[in-house]
Amino acid sequence: MAQATRTPPQQRQQKNSSSSGSGFSATLTLAAWRFRQVWWLLFLTCVGMIAAITLVCAVPLYANMTMSAGIRSLLNASTDNSDIVVTSVSRKVDAATLATVSSHLNHEFTSNLGPYLIPGQFSLDTQAWSTTAITSAPNGQSIFHPTGDKYEVTLNSEDMARAASHLTLLRGRLPKATTTSTHDLEIAVTPETAQALNLNVGSVLTERTNFINGALQLAPRTIQLHVVGIFRLPQTPDAFWHGTDFQPYQPNDFVTIFRGLVPTQALVPTFSQIGADPALQDYVFQLPLTITWYYHLDSSHITAADLNAIVKGIATIQADDANNAALEQSPYLEQSQTYLPSTALTRYNGLLPVAQLPVTSLLWLMLALLLFFITIMADLLVERQADAIAILRSRGASRSQVFGSLVAQGLLLSLIALLIGPLLAIPTARFLVQHTLSASDQGVLNIIAGNLFSVLQSVSQYALIAAGAVLLALIAAVTRSIGLDVLTARRESARTTRRPLWQRWNLDIGAAIIALTGAGVTAYVTNAGILDAHSALLLLSPLTLLGTVSLLIAGILLLLRFFPLLLGYAARLTRGTRGAAPLLALAQMARAPRQSLRMTLMLAIATAFAIFTLICVASQQQRVPDIANYQAGADFSGTIPVNIITLAQIDDTTRAYKHVPGVLAASLGYVKNATAGNTPQGQSIDFHAVDANTFAQTAIWTPQDSTQSLAELMQQLAAQRASATRQLLVPAIVDAQSWNALHLHPGAHFTLNFAVTDYADLINFVAVAQVQHIPSPNTGVGPAVLVDYRTFATVYKNKIANASSLSVPVNTVWLRTSSNPADLKGIYSVLQNGDLRLQFLYDRRAITADLYREPLFLTLTGVLFLGAGINLLLALIGSLVASWQNVRNRISSFTVLRALGATPFQVALALIWEQSITYITAILLGIIFGAIFTVLVVPVLIFTSVLPNDITSAISSSAFYIAQSVPPIQIVVPPSLSIALIALLMLCLLTLLLMVRFVSQPSISQILRLNED
């Protein structure tokens, strides 16, 4: 009988397959049914996920484009930053040798820097040739110059096919790239050269060049230059010409040198054929030629990610060319050298991570906040279906069916967000670039133009992390809910009995330990001196951010642990009050605090991050004028080119600058680097001797520099001139660094040495006042001392017996000027030309404008605004949904209260109390958290990017590290913060009114009807 009833294996397999298929079909059916029930909440969750993925993809794209704009601006600022030049001297030309070496160099540069280079340029320049005759077309008249006139011509060769697009042809044509004679070359000249030599198209210049042998015997050769075209170069500098302007110039009063443009393809064969002449076998050029290979970095296709590879490639080329024997083949190639881009490129590569780390840290922080908000949305989504899940489980649905239906919803949302989010990130990043970067930097948009696949691939990891984290959060929420039946679900909604995971694992204690550890590590790393300044600067912002976030997480978890207890205590305090509404609200919140805590946390964290964003952006913007004021010290400042102005001439020179239209005040002084003590190897001091009579009216000092006014300080110095001259003791104002380094106190004496190689120039000073900082041009950020110039010059001359009146020449000028554009234009003209011109000119207004447009500055601002906006939006949506769901879940309780005799107003008042407590607590906590986060993080997050005039390429890493905090960073609370808080309160009030309306409308009979179970 048993064998008769046994099911064959094939039938069992078919039955299992049928059950599996029916189970999968049932899961899909259940998922579709639940989708119709909660489609609007699924839609909001999907919108949140799309916003999160858009943000985490847009921020890296925007940061990459802004930092790439900074690199391109640096490369375009000067050809010294973008050209790699190989030069050689040639005393004899051989076309085959040049072709071989050119091929080798092209291969070398292509292998190391191929994707970043414009095709190389090869140029051959001659020394000046003597002009023996000029034949002017069209009459063919030969013009011989009288005795005393000497005209010489140099030839600069270029590839005519490439040069054609970089010049304007006025008459004739460009020279042909071929030649049929060793005595004739076609050239093109500028209108200035044609006018000076009376040349036209068809004119011929007869030039003589000399060859010489080992016995110093000369062999002259004549070459005729046929003028076939007249051209003009662009008015704006063109990197193609590498500074050559083809204009006539006079090295002395007896010679005028003219330049002609000749094809490289014609000049090299001509000289090669001349060198192959048997009669010149042992001869070489008396004046050697210059051969140059130019390799220009193509800034239009370079991104921030390429900079490290470029720096490494340049280093490899430098090493290879130094050991390249092909570049030394006498007499064809001699004295070969490779000139690399200036150190600004290398230093920028070192500074870039300092700017990238804060942005990256903020990105991960914003991603964590977004995931937190979306996790709450996913939790709300599952909680919205908790009753349905419990009913399904009670009516026989399996765990796998319920689990699969809900996870299918999450998978669908994740796939939609993954498809839409990265695509939306591209126009978002484009919008930010178009509205933040200057017009000259808009070229970085080519990074995302036409490269859709590569762009999406570059941000795919961020999108996958965000989508995966949300999906895991949804799975965790589903796992918690599928084990509930109807009775358990309703007990949990009435009174929370299950302790959350973080309480069971004591995560608040772990977060507190991490916070304390992070704070200790940060303090140790930044103050112990175990790392160099660059490494310490790199680690400062992420460590501080990590420690502060851990501290806030510990505080939040601590609040979550004690918040229900506080609510219970508050409910007990309200028992004696006349109204029942506060008691009902607090009692309900204490019995089931989960919803209130969730809303409180969302609003508090969003408020804190919004506060932090507004203050951080305002502080970063305030940093710009602070740096400009500190760097320039006045509206204009600069160095006098020739140090011939003496103490006796200072008043006349000051009046001369003051009489320039638009100049309101002028002051002169002496700035020099000195050393403390008796040896030149002592502490370096930035020494400033200013005219105390005029400096206060000219210089710009802020309260950060000195709590005492500059006018009072100058009066103090001027009042002691007579006594200082008698005692040979100069009164000095000392900044905080010098004060601490020299261990000074009021009235303390110290000595500064102004000599370079000996100990003769020792001057004694007395410290009369301490200030925080001494702004001034031409100095770094080290210790500084300020004195009266008139006192110092007199004491110096009297003490140093052999000193002349030129021992302390005036070398620095400060100007206070009008802001009128016409006046500023005239001031620029005076300061750049004429007797009052200045070198190393610092313009405070130009520095400010440049720093406001600096891409690294804009990166932080754009990222903060984008992240804060999306986070705040998600928090408000989540708070609104949570509030609505809380009211919806408790609608039966509110209706029972009305059935027991409570008026609609009393029910609404209870809800108002509950929601008001939640909103007020959230805003207060947000303000507290935002203040803590701002105070701890903003000072290390503000980045002083690249100081004007290439200062960062001249100072050391330690000085750059100090420059991040000198002058001190100001934490600025903008007026927009109060507006934002008022707007948030209004939104909370609007939400509250909507919830009150929702509670007051339903009828008692409809709500008390039996529900679906």
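The side chains of Glu186 and Arg173 come together in a salt bridge, with N and O 2.9 Å apart; the term covers a side-chain nitrogen of Lys or Arg within 4 Å of a carboxyl oxygen of Asp or Glu. Glu186 sits in strand E7 (residues 184–189) and Arg173 in the loop between strand E6 (168–172) and E7, so the pair ties together parts that are 13 residues apart in sequence. Helices (H or I, at least four residues) and strands (E, at least two) are DSSP runs, numbered from the N terminus. Glu186 is partly exposed because its relative accessibility is 21%, and Arg173 is also partly exposed, at 33%. The cut-offs here are under 20% relative accessible area for buried, over 50% for exposed and partly exposed in between, with a 1.4 Å probe and protein chains only.

All of this comes from a predicted model, in which local features need pLDDT of at least 70 and side-chain atom pairs count only at pLDDT 80 or more, while totals for chains, interfaces and linings use all residues. Residues are numbered from 1 along each chain as its sequence is written, and side-chain values use heavy atoms, with hydrogens and water left out.

By the salt-bridge rule, the count comes to 10. Another of these bridges pairs Glu192 with Arg232, whose closest N and O atoms are 3.4 Å apart. This one links distant parts of the chain, since Glu192 is in helix H7 (residues 191–197) and Arg232 in strand E9 (residues 218–232), 40 residues apart. Glu192 has a relative accessible area of 30% and so is partly exposed; Arg232, at 37%, is partly exposed too.

Then there is the bridge between Arg790 and Asp691, at 3.0 Å from N to O. Arg790 belongs to helix H25 (residues 789–799) and Asp691 to the loop between strand E16 (684–690) and helix H21 (695–698), so parts 99 residues apart in sequence are tied together. Both Arg790 and Asp691 are buried. Salt bridges also link Asp635, Arg844 and Arg845 in a network.

Now for the chain as a whole. The protein chain has 33 helices and 22 strands, and 50% of its 1013 residues count as buried. Contact means heavy atoms within 4.5 Å. Among contacts between residues at least 6 apart in sequence, 83% join residues at least 24 apart. The accessible surface of the protein chain is about 46,000 Å², with 60% of that belonging to carbon and sulfur atoms. Accessible areas come from the Shrake-Rupley method with a 1.4 Å probe, and for residues only the protein chains shown count as cover.

Strand E5 (residues 151–158) is mostly covered, with 7 of its 8 residues buried. E5 runs parallel to strand E10 (residues 256–263), and 8 bridges join the two; pairing of strands takes at least two DSSP bridges between them. Tyr151 has Thr256 in E10 as its bridge partner.

On the inside, the largest nonpolar core has 186 residues, and Leu155, Leu225, Phe271, Trp293 and Phe612 have the most contacts inside it. Helix H3 (residues 39–77) gives the most to this core, at 22 residues. Apart from it lies another core of 44 residues, including Ala732, Val734, Val795 and Leu831. A nonpolar core is a set of buried Ala, Val, Leu, Ile, Met, Phe, Trp, Tyr and Cys residues joined through side-chain atoms within 4.5 Å. Setting aside neighbours within four places in sequence, Phe612 touches Leu362, Leu864, Phe933, Thr934, Val937, Val938 and Leu941.

The surface has a nonpolar patch as well: Leu551, Ile928, Ile932, Val935, Leu936 and Ile971 together hold about 480 Å² of accessible area. Patches are made of residues with over 30% relative accessible area and no salt bridge, joining like charges within 9 Å and nonpolar side chains (Val, Leu, Ile, Met, Phe, Trp, Tyr) within 5 Å. Helix H30 (residues 904–941) gives the most to this patch, with 4 residues. Ile932 lies in H30 and is partly exposed, as its relative accessibility is 33%.

Finally, Val966 is found in the loop between helix H31 (957–963) and helix H32 (975–1000). With 8% relative accessibility, Val966 counts as buried. Leaving out neighbours within four places in sequence, Val966 is in contact with Arg623, Ile627, Tyr630 and His773. Val966 and Thr944, 22 residues apart in sequence, are 9.6 Å apart in space, C-alpha to C-alpha.
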